[in-house]
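Subject: Handover of a protein structure

Dear colleague,

Please find the structure below, together with its sequence.

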Amino acid sequence: MQIYSACEIEHPYPCTKILWSPEGNKSGAPSADGGANNFGGRDLLATTGDYLRIWSVADDGSEDGTLTHKREALMINNNRNSEYCSPLTSFDWNECDPSMIVTSSIDTTCTIWDINTQVVKTQVIAHDKEVFDLAFSRGTDVFASVGADGSVRLFDLRSLEHSTIIYDTPNLEPLLRLEWNKQDPNYLATFQVDSQSTIILDIRVPCQPVTILGGHSGCVNAVAWAPHSSCHICTAADDSHALIWDLSQMSKRPVEDPILAYNAEGEVNNLQWSSSQPDWVSIAFADKLQILRV
């Protein structure tokens, strides 16, 4: 297997997150307002930074496996009271309704976008301080967010008048990232800023973690649930380790040790567990990307 650069996109500001459309390369159909769903069926990816941007990529016709790109949409924060936009910290793309993206911002809000019409569907004040990350549950209606106020909050798009706080850190330490278990949506994973532990939550039992995963000697930077299993999760940290945990017995006893460990050549900054090829996990460290077979 050879990994090579097929396309490069110049991003005006540092990119906080990048995702491919969960819809994949499907034929676009005219929408109610005359626009094209999925922008004509091209492969789409989205990025956040200063704004939410939607890009399309396609074969450039060179037969070298390289791609050409085009910016399809620029979604600007709808803050009409300022000429400046608040940076976006993260976003998630709804797998059941790929026309819907939710973004989080340092201005304490979460914004739900319709990317077909390129307009805001709704915006909520989600936290008391900056929102650092968010994720959709399985389905189209529920998402959760974490932020600098140290809380995990649950939102239902069918009733946005209030949110449910399902967890607060003991001293309101900021929570940096959030991952939702798509195989069993009762479970969430999150971690605090500058923490060596990963917190596993059950939304049916708020306020109390089901288990806390240690194992790292450096700050945790990323977590990813297995796309094909409800009880496996991978964590990565500044100690250069990527660890895979079996949580099948976590309701009966503490989870003390991982079942697999990989030692990288540097601090692991990010990871992804492939949903289409679940035997593979990718990690990023320094200026390198590695793909690991589980």
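Does Lys 288 count as buried, exposed or partly exposed? At 40% relative accessibility, Lys 288 counts as partly exposed. The cut-offs are as follows: buried means under 20% relative accessible area, exposed means over 50%, and partly exposed lies in between, with a 1.4 Å probe and protein chains only. Lys 288 forms a salt bridge with Asp 287, and the closest N and O atoms of the two are 3.6 Å apart. A salt bridge here is a side-chain nitrogen of Lys or Arg within 4 Å of a carboxyl oxygen of Asp or Glu. Asp 287 has a relative accessibility of 69% and therefore counts as exposed.

Before the other findings, some notes on the model are in order. This is a predicted model, in which local features need pLDDT of at least 70 and side-chain atom pairs count only at pLDDT 80 or more, while totals for chains, interfaces and linings use all residues. Residues are numbered from 1 along each chain as its sequence is written, and side-chain values use heavy atoms, with hydrogens and water left out.

Confidence of the model

The term pLDDT stands for the predictor's confidence in each residue, on a scale from 0 to 100. Its mean over the protein is 90, and 91% of the residues reach 70 or more. Over residues 25–38, however, pLDDT stays under 50. For this stretch the model has 24 contacts beyond four places in sequence, where contact means heavy atoms within 4.5 Å.

Salt bridges

Side chains of opposite charge can pair when their charged atoms come close. The structure holds 9 salt bridges, including the one between Asp 287 and Lys 288 described above. Another joins the side chains of Asp 149 and Arg 153, at 3.1 Å from N to O. Both Asp 149 and Arg 153 are buried. These two residues also belong to a network of salt bridges that links them with Asp 128. A further salt bridge joins Asp 202 and Arg 204, at 2.8 Å from N to O. Asp 202 has 7% relative accessibility and so counts as buried.

Asp 114 lies in strand E7, which covers residues 109–114. Helices (H or I, at least four residues) and strands (E, at least two) are DSSP runs, numbered from the N terminus. Not counting residues up to four places away in sequence, Asp 114 touches Met 75, Ser 99, Val 119 and Lys 121.

Met 75, one of these contacts, has its place in strand E4, residues 67–75. Met 75 is buried, with a relative accessible area of 1%. Beyond its neighbours within four places in sequence, its contacts include Tyr 51, Leu 52, Trp 113 and Asp 114.

Aromatic rings

The structure holds 2 aromatic pairs. Rings of Phe, Tyr and Trp (its six-membered ring) pair if their centres lie within 6.5 Å; planes under 30 degrees apart count as stacked, over 60 as edge-to-face and the rest as tilted. Phe 136 and Phe 143 form an edge-to-face pair, with 6.1 Å from centre to centre and 70° between the planes. The rings of Phe 143 and Phe 155 have centres 5.0 Å apart and planes at 15°, so this pair is stacked. It links distant parts of the chain: Phe 143 is in strand E10 (residues 142–147) and Phe 155 is in strand E11 (residues 151–156), 12 residues apart. The relative accessible area is 1% for Phe 136, which is buried. Phe 143 is buried at 0%, and Phe 155 is buried at 3%.

Cysteines

How many disulfides does the structure hold? It holds 0 disulfides, a disulfide being a pair of cysteine sulfur atoms within 2.5 Å. The sulfur of Cys 96 is too far for a bond, because the closest cysteine sulfur, in Cys 110, is 19 Å away. Cys 96 counts as exposed, at 51% relative accessibility. For Cys 234, the closest cysteine sulfur is in Cys 231, at 14 Å, which is also too far for a bond. Cys 234 counts as buried, at 2% relative accessibility.
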